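Open your viewer and keep the selection panel handy. We will go from the whole chain to single residues, one stop at a time.

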Amino acid sequence: MLKMMGSSSRRRGMSCLLHSTPVVSLNNYFGLFHSQSSKPSKSQLGNLVRDPEPKSTSLEHALKVFDEMFNTRPLLSVVRFTQILGNLAKMKHYSVVISLYKQMRMLGIGNAYTLTIVINCYCRLNQMGFSLCVLGQFFKLGLQPDVTTFTTLINGFIREERVAEAARLFSKMVEEGHCEPNVVTFTTLVKGFCMMGNTSAAIELLRKMEKSGCKADVVAYNTIIDGLCKDKLVVDAVNLLSEMISWGIAPNVFTYTSLIYGFCTLGEWEEAPRLLKEMVSQNILPDLHLFNVLVDALCKEGMVVEAKSVVQMMIQRDIEPDPITYNSLMDGYCLRGEMDQAKKVFDLLVSKGSMVNVRSYNILINGYCKHKKIDEANKVFQDMSRRKLVPNTITYNTLIDGFCKAGRIQEAEKLFSQMQACGQHPDLRTYAILLDDLCNSQQLSTALELLREMEASKLEPGIVIYTLLIDGLCKAGEIQSARHLFCGLSSRQLQPDVRTYTVMINGLCNGGLIVEADKLIREMEERGCSPNVCTYNIIIRGFIKNNEISRATALIQQMVERGFSADASTTELIVDLLSRDKVDQALLQLFKHSL
DNA sequence: CTAGGGTTAG
C-alpha cells in the first residue's frame, strides 16, 4: 500500500510516452544553432580537456612550495601562505588545507582571511562543529570575524540543511552588531529558504534586503528563480526574470538553466528551444551544465530519442558530454526498459577511459532490478570490483531491494551482512527495504527485531519506518500492536504524516473499528494533516464494506468538495451500492458530479 | 589572500 500512495509523484518512464507525443521535433532541437557557424576543430580540444590528473599535479606543486616556505627564514608573509591555501581550497583539497593550517598555526602564522578559508573547508567537509571551533580561535587570537566569516558559517549550516540555525546566526550577527549583512549574506540565506521549499520567505527576504539598501544582483535573482522553478512555480520565476531585466540586471546561463529545467518538468517542451534561442540571441551560450539539465529532463520523461539528439548537438558544438550526461541518458533507457541500449551507453562510458563511476553502476543495476533481471544486475555488481570501484550504500540498497522483490530473501540478507562488513553503513532506506519485505512475508517478529536494532544503533528510525511497520502489523491482523506503535509516536518526538494516518485508518477499517477510524480522520485534520485522495478512497471503501453507508456518504461528499475523485475500486463499490438501491438519490447525484 | 547561483543513481 505504501507503494500505491507513492511518495514523489514525479512521472517516470513509460506512462507519459503513452499519453503524449513530444511536441518538439528533432529538427527544432537540431536547427537551433545552425546560424552559428565557426566552430573550432574538436580533436585537439578533447585532448586538452582530458588532462589525466590536473588536480594532483598542482597539489604536489602546492605542497612542495609550502614545504619550502615553512623552511624559509625569515618567514614569508602570511599573505603568501593564505594565497596558496585559498587556491588549494578552490581545488577542493579541503583536508589538505586544514592540515597545512595546523602547521601554520604552530609557527604562529594566520590572519582573519586564513581562518575564514579554514572555516569554509570544514563546512565543505560537513564538519560544522570544527568550523565553530575555528570561530572561537578568532577571539583567542584577537582577530575580528567579518561579514565574510559569518556568511561562510551561515552557508555551512545551510549545506547541512540546518536552515533554522543559519537564520539564527544571521540575526545574531545583525543584532549583536558584529557586522551588516551584504548581498552575499542575504543570498546565502535565501538559498536556505528555497532549499526548504519556502520560496515565499525567500522572496520576502529579497525584498527586505532591497529595503535595507542592499541591491540584488544576478546571483540573488538566480537563486530565487531556481527555487521557484524547482517548486514548479515557473510563472513566478518568469516574472522575476522580467523584474531583474527591468532593473538592468542581465540574466546569464545560470538563469536560463533554471528556467529550462522548470519548463521541462512542467512538460512545456516547446519552451526549451524558445529559451535557448532567446539566450543565444543575447550572446549567452549554453554550456555543459545547461545541456546536462536538458538531457536529464528529457530522459526523465522517457524522451530518450530527443535527449540523444541534444547530445549530438553538444558534440557538434564541441561541448564534450561528461559522465553526468551519459548517466542521465543511461537512466532514460533504463526507465523505458531498453536495457540493451542502456548497456551500450555504459560500454561507451567504459571505452572512454574511466568515465564510468559508482553512479553509472548504480543506474545500470537499478535498471536491471526494475526490469526483473536480477541476475544481470548481480553480474554488473560483481564487475565493480574489477574496476576498483567501491559499491556504496545506494548500490547495496538497490540490489537488496531487487533481491527482495524477486523473492530471493537469503541473497538479500547476505548482501546486508556484506555491506556492513565492507564498512558501508546501512541507512534508513536499507532498513525500510528490509522491513517492507519482512512485513510482506509476514515475518513480523523479525521486523520488530530489526526495529530494535535500529533504535539501538545511531540511526533514528523516522516516521517512514514506523509507518511501514504499522502497515505490516495491520495487514497481519495485529491491530492492537499497530495501534500501540502509533500511539507511541509522540513520545518518540515523531509526527504521523498523511501516510501514517492512512495506514492506521486502513487497519482500523479492516479490523471493523469504524468509529475509531472515523475519529482518526477528524483528528488528523485537527492536527493540520489533511487527508489526501488515498486516505478518502481507503476509508470510504472501508465504511462501505462495513455497511456504514451514511458515514461513507458524508465522506464521499467531503472528498468531492475537495476536488478528489474515487478510484476504480471505490467506484466499483459505489456503483454496486447504487444498483442495489441501498442509497438515496442525493448520493447518486453527488457521485455523478464527481465523475 | 576569505563568503552566495544551474546537473545524474536507491
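Select chain A: of its contacts between residues at least 6 apart in sequence, 63% join residues at least 24 apart, a contact being two C-beta atoms, placed from the backbone, within 7 Å. This is a predicted model, in which local features need pLDDT of at least 70, side-chain atom pairs count only at pLDDT 80 or more, and totals for chains, interfaces and linings use all residues. Residues are numbered from 1 along each chain as its sequence is written, while chains are lettered from A and ligands numbered from 1 in the order in which they are written.

Now show the cartoon. Chain A has 34 helices and zero strands, taken as DSSP runs (H or I, at least four residues, for helices; E, at least two, for strands) numbered from the N terminus.

Next, colour by pLDDT, the predictor's confidence in each residue from 0 to 100. Chain A averages 88, and 88% of the residues score at least 70. Select residues 1-54, where pLDDT stays under 50. Where pLDDT is low, the predicted coordinates should not be read in detail.

Move on to DNA strand B. Around it are 62 residues, the closest being Thr82, Thr151, His289, Asn292 and Asn327; near means a C-beta atom, placed from the backbone, within 6 Å of the strand.

Last, select Asp471, in helix 27 (residues 463-475). Is Asp471 buried or exposed? Asp471 counts as buried because it has 25 C-beta neighbours inside 10 Å; the cut-offs are 20 or more for buried, 12 or fewer for exposed, and partly exposed in between.
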